[in-house]
Amino acid sequence: MARHAIDLEADIQPVTDFRANASSMLDQVKATQRPLILTRRGRGAAVLLDIGAYQALMDELETLRDVQLA
């Protein structure tokens, strides 16, 4: 999985902005391959990942667990 640095201006957004612009923010996550951090009252609340990035993380985690057990 390619890792991209988080753009602090574009990749951290309030949940209220996400509600108002969900479609464009989903497009942004897909296009940039960077996670979107959603905040509530100025604190981190959730991370939105492209489905491919999420699947890659789960595959990597499974592989690491298999290696640890071996």
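How do strand β2 and β3 pair, and over how many bridges? Strand β2 (residues 36–40) pairs with β3 in the antiparallel sense, over five bridges; two strands count as paired if DSSP finds at least two bridges between them. This is a predicted model, in which local features need pLDDT of at least 70, side-chain atom pairs count only at pLDDT 80 or more, and totals for chains, interfaces and linings use all residues. Residues are numbered from 1 along each chain as its sequence is written, and side-chain values use heavy atoms, with hydrogens and water left out.

**The sheet**
- Three strands form an open sheet in the order β1-β2-β3, with mixed pairing; strands are DSSP runs of E, at least two residues, and helices are runs of H or I, at least four, numbered from the N terminus.
- β1 (12–14) and β3 (43–48) stand at the edges with a single partner strand each, so one side of each has no neighbour in the sheet.
- From one strand to the next, the twist averages 35°.
- Ile 37 has Val 47 in β3 as its bridge partner.

**Helix α3**
- α3 has 19 residues and reaches 27 Å from its first C-alpha to its last, close to the 27 Å expected at 1.5 Å a residue; the expected span is 1.5 Å times one less than the number of residues.
- Asp 50 caps the N-terminal end of α3, with a side-chain oxygen 3.0 Å from the backbone nitrogen of Gly 52.

**Asp 66**
- Asp 66 is found in helix α3 (residues 51–69).
- C-alpha to C-alpha, Asp 66 and Ser 24 are 38 Å apart in space, and 42 residues apart in sequence.

Methods
A polar contact is a pair of N or O atoms within 3.5 Å; within protein, one must be able to donate a hydrogen and the other to accept it, and residues adjacent in sequence count only if both atoms are side-chain atoms. Axes are lines fitted to C-alpha atoms, for helices over the stretch in contact, and angles run from 0 to 180 degrees between N-to-C directions.
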